[in-house]
Amino acid sequence: MTLLTQVMENPLDPGYEAVTRRRREDPDWRPSTLSKVVVLLLTIAIGAGLAIAISSLRSPVGGRNAARELLIDQITERRATQDELTEHNAELNAQILELSGAELALTDPDRRSELDSLAVASGVASVRGPGVVVTLTDSEQAQADPITYGVEAVQAGDLQVVVNALWAGGAEAVAVNGTRIGANGGIRGAGQAILVDRIPVGSPYVVSAIGSREELTKAVASGTTGSYLDVLRTKYRIGIAVAGDDDLWLPGTVTTQLRYAEPLTPTSGQTGPGDLDAPIGSYGLGGQAAGTTGTAGTVGTVEAGTGEGKGIS
């Protein structure tokens, strides 16, 4: 209130008021040439300073670019290492399944057959067969400027819609960018990142599903899912392509968790599960990977995403 009162009572700037008062007292008074030159030089200096400051803020700084390139190199290197470790982990899991299956086939063929069936349903085992491939790609604007055009980028919820439609259409196995969605897998949004079974994926998002090509194509091209994808294509300029494939191969899940184990018939000289020298087929195969009680079509129910939605009704 004090400031408002002062402004209302003294609307003129003190300097302007002093000059006005001086001119009233001495009508012939004019600023000296020296003062005009000083004012002109100060104005030029201030303008030049502002121009230099704005130019410095807008132009990229060498040090900043170097730090950014260093971070990009580190991210690329870490991603390559992660891909190598993921591939190695998948190879080890395949070896474990193969050795376990060979041991169990000798001791309990019925259990081996049951495990083979559950391994496919839970996503633990790799599968091959015909199916469809749905590819979603961020718009060109989102790829060039993901911050300004973030809404035109594919969100976790978009992938969830596609994956759920494929499950509903009878898909027997689904993978996103080569990451299999198993019994406990899911698609989550973490800020601008999308995680599939806790593995980050990026555009283009390739959703591969094994099953009837006709039924799976119909599942994503018609009904609510078809309308949803049309809105993504027309309103948000997201690239969407659906294609059939006669020979799809999907790897098994890389993240499995042992929930329980049952000892099978001990072999001679082995006293129970505590015998660390026991062969895998005697004790280890009683264990079951997480979620192996699921069946195809229900094991891949994705979790609610936290990414930004597009408000499609």
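This is a short talk through the predicted model shown above, from its overall make-up to a few single residues.

Hi everyone, and thanks for coming. Residues here are numbered from 1 along each chain as its sequence is written, and side-chain values use heavy atoms, with hydrogens and water left out. As the model is predicted, local features need pLDDT of at least 70 and side-chain atom pairs count only at pLDDT 80 or more, while totals for chains, interfaces and linings use all residues.

Let's start with the whole protein. The protein has ten helices and ten strands. Both are DSSP runs numbered from the N terminus: helices are H or I with at least four residues, and strands are E with at least two. Of the 313 residues, 31% are buried. Buried means under 20% relative accessible area, exposed means over 50%, and partly exposed is in between, using a 1.4 Å probe and protein chains only.

Now, contacts. A contact means heavy atoms within 4.5 Å. Among contacts between residues at least 6 apart in sequence, 76% join residues at least 24 apart.

Next, please find helix α9, residues 223–234. How far apart are its end C-alpha atoms? They are 17 Å apart, which agrees with the 16 Å that twelve residues should span at 1.5 Å a residue. The expected span is 1.5 Å times one less than the number of residues.

Which residues of α9 are buried? They are Thr225, Gly226, Tyr228, Leu229 and Leu232. Looking down the axis of α9, these buried residues fall within an arc of 160°, so they line one face of the helix. The arc is taken from the directions from the helix axis to the C-beta atoms. On the other side of α9, we find Gly223, Thr224 and Thr234 exposed. The cover over the buried residues of α9 includes β1 (127–137), α7, α8 (213–221) and β8 (239–250).

Two of those covering elements deserve a visit. In helix α7, residues 156–168, sits Asp158. Asp158 has a relative accessible area of 2%, so it counts as buried. Its side chain makes a polar contact of 2.5 Å with the side chain of Tyr228. A polar contact is a pair of N or O atoms within 3.5 Å; within protein, one must be able to donate a hydrogen and the other to accept it, and residues adjacent in sequence count only if both atoms are side-chain atoms.

The other visit is to strand β8, where Ile240 lies. Ile240 is buried, because its relative accessibility is 16%. Leaving aside neighbours within four places in sequence, Ile240 is in contact with Thr135, Leu136, Leu229, Leu232 and Arg233. Ile240 and Asp230 are ten residues apart along the chain, and their C-alpha atoms are separated by 8.8 Å.

Helix α5, residues 109–122, gives us a second example. Its 14 residues should span 20 Å, and its end C-alpha atoms are 20 Å apart, which agrees. Here the buried residues are Leu118, Ala119, Ala121 and Ser122. Down the axis of α5, its buried residues fall within an arc of 160°, so they line one face of the helix.

On to the largest pocket, which holds about 900 Å³ of space. What counts as a pocket? On a 1 Å grid over the protein atoms alone, where a 1.4 Å probe fits, it is an open set with protein on both sides within 12 Å along at least five of seven lines, and lining residues have an atom within 4 Å of a point. Grid points are joined across faces, edges and corners, and the volume is the space filled by probe spheres set on the points. Of the 34 lining residues, the closest to the centre are Ile194, Pro200, Val201, Gly202 and Ser203. Which element gives the largest share of the lining? That is α4, with six residues.

Lastly, some backbone details. From Ser203 to Pro204 the peptide bond is cis, with omega near 0°, and Pro204 is in the loop between β6 and β7 (205–210). Asp197, in the loop between β5 and β6, has a positive phi near 55° though it is a residue other than glycine. At 6% relative accessibility, Asp197 is buried. Asn177, which is not a glycine either, has a positive phi of about 50°. Is Asn177 buried or partly exposed? With a relative accessible area of 31%, Asn177 is partly exposed.
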